[in-house]
Amino acid sequence: MRIHIATDHAGLEFSTQLQHHLAAQGHQVIDHGPIEYDALDDYPAFCIRAAQAVVRDQAAGLESLGVVFGGSGNGEQIAANKVAGIRAALVWSIATAELAREHNDANVIAIGARQHTFDEASAFIDRFIATPFSREERHERRIAQIAAFEADGSLAPDPRATGTATGAAQADVLADETSSFDPEAG
């Protein structure tokens with residue numbers, strides 16, 4: 001598999017280790033930067049280039065994923081998600097790495113290099129790469145909704161709105177106190 005990686009100064013040492021780790025597993029690793037330590041460099045261009053490369057590869061039918069990281073992984077995830085077709089997930093555990101692939105068909109993983117040891121982060125990445133998308137209808141439906149919004153701004157209808165002035169106002173009220181929440185509902 002081709003793996004596109006990018007970071008900023010906060011993850012440069014981590015990037016070097018990771019490139020060797022992934023290459024040893026037989027992956028083709030493409031580094032999108034930086035090439036040297038600069039405490040003032042900025043991650044957006046690096047991460048966006050990596051994300052663009054993932055989209056290009058996937059459009060060409062190549063098996064490809066991305067890995068972006070920095071101090072927290074937050075900004076790197078945000079930057080990657082600005083590229084149409086990218087579903088970047090901030091991962092902080094084995095479970096979030098699996099769910100990002102299984103439920104969200106994430107094609108980029110974002111990790112905080114200052115938040116985890118190399119062994120932890122590389123385990124997250126390894127699990128992310130090894131986990132397939134479940135292809136369950138509910139997950140495909142949700143991903144399609146995100147893609148539709150990305151393409152033309154369309155959203156599923158708001159079930160709280162009725163199309164009247166009163167209905168529109170009702171969409172802004174709090175949920176009924178007797179409402180229940182089932183975190184296992186998926």
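Colleague: Arginine 135 counts as exposed, at 58% relative accessibility; where is the place of arginine 135 in the chain?

Modeller: Bear in mind that this is a predicted model. An accessibility of 58% is over the 50% cut-off, so arginine 135 is called exposed, and its place is in the loop between α5 and α6 (137-152).

Colleague: What is the phi of arginine 135?

Modeller: Although arginine 135 is not a glycine, its phi is positive, at about 65 degrees. Aspartate 105, another residue other than glycine, also has a positive phi, near 45 degrees, and lies in the loop between α4 (94-102) and β5 (108-112). A glycine with a positive phi, near 85 degrees, is glycine 61, which follows α2.

Colleague: Which peptide bond is cis?

Modeller: The bond that joins glycine 33 to proline 34 is cis, its omega being near 0 degrees, and proline 34 has its place in the loop between β2 (28-31) and α2 (43-59).

Colleague: Let us turn to the rings; how many aromatic pairs are found in a search of the whole structure?

Modeller: The search finds 2 aromatic pairs. In one of them, the ring centres of phenylalanine 14 and phenylalanine 69 are 4.6 Å apart and the planes stand at 80 degrees, so this pair is edge-to-face. As a general idea, a pair of aromatic rings is described by the distance between the centres and the angle between the planes.

Colleague: In which parts do phenylalanine 14 and phenylalanine 69 lie?

Modeller: Because phenylalanine 14 lies in helix α1 (residues 12-24) and phenylalanine 69 in strand β3 (residues 64-70), the pair ties together parts that are 55 residues apart in sequence. Phenylalanine 14 is buried at a relative accessible area of 8%, and phenylalanine 69 is buried at 0%.

Colleague: What aromatic pair do phenylalanine 14 and phenylalanine 118 form?

Modeller: Theirs is edge-to-face, with 5.4 Å from centre to centre and 65 degrees between the planes. This pair links distant parts of the chain, helix α1 with phenylalanine 14 and helix α5 (residues 118-130) with phenylalanine 118, 104 residues apart. Taken together, the ring pairs link Phe14, Phe69 and Phe118 into a cluster.

Colleague: Which residues are buried in α2?

Modeller: In α2, the buried residues are Phe46, Cys47, Ala50, Ala51, Ala53, Val54 and Asp57. Because they cover an arc of only 155 degrees around the axis, they are on the same side of α2, and what covers them includes β1 (2-6), β3, α3 (74-80) and β5. The face of α2 turned away from the buried side carries Arg56 and Ala59, which are exposed.

Colleague: Which residues does serine 64 touch?

Modeller: Serine 64 is found in strand β3 and counts as buried at 3% relative accessibility. Leaving aside residues up to four places away in sequence, serine 64 touches Met1, Arg2, His4, Val54, Asp57 and Gln58. Val54 and Asp57 belong to the buried residues of α2 as well.

Notes:
Residues numbered from 1 in each chain as written. Predicted model: local features only at pLDDT ≥ 70, side-chain atom pairs only at ≥ 80, totals over all residues. Heavy atoms only, no water. Phe/Tyr/Trp six-rings, centres within 6.5 Å; stacked < 30°, edge-to-face > 60°. Helix = DSSP H or I, 4+ residues; strand = E, 2+ residues; numbered from the N terminus. Buried < 20%, exposed > 50% of the residue type's maximum accessible area, 1.4 Å probe, protein only. Contact = heavy atoms within 4.5 Å. Arc of directions from axis to C-beta.
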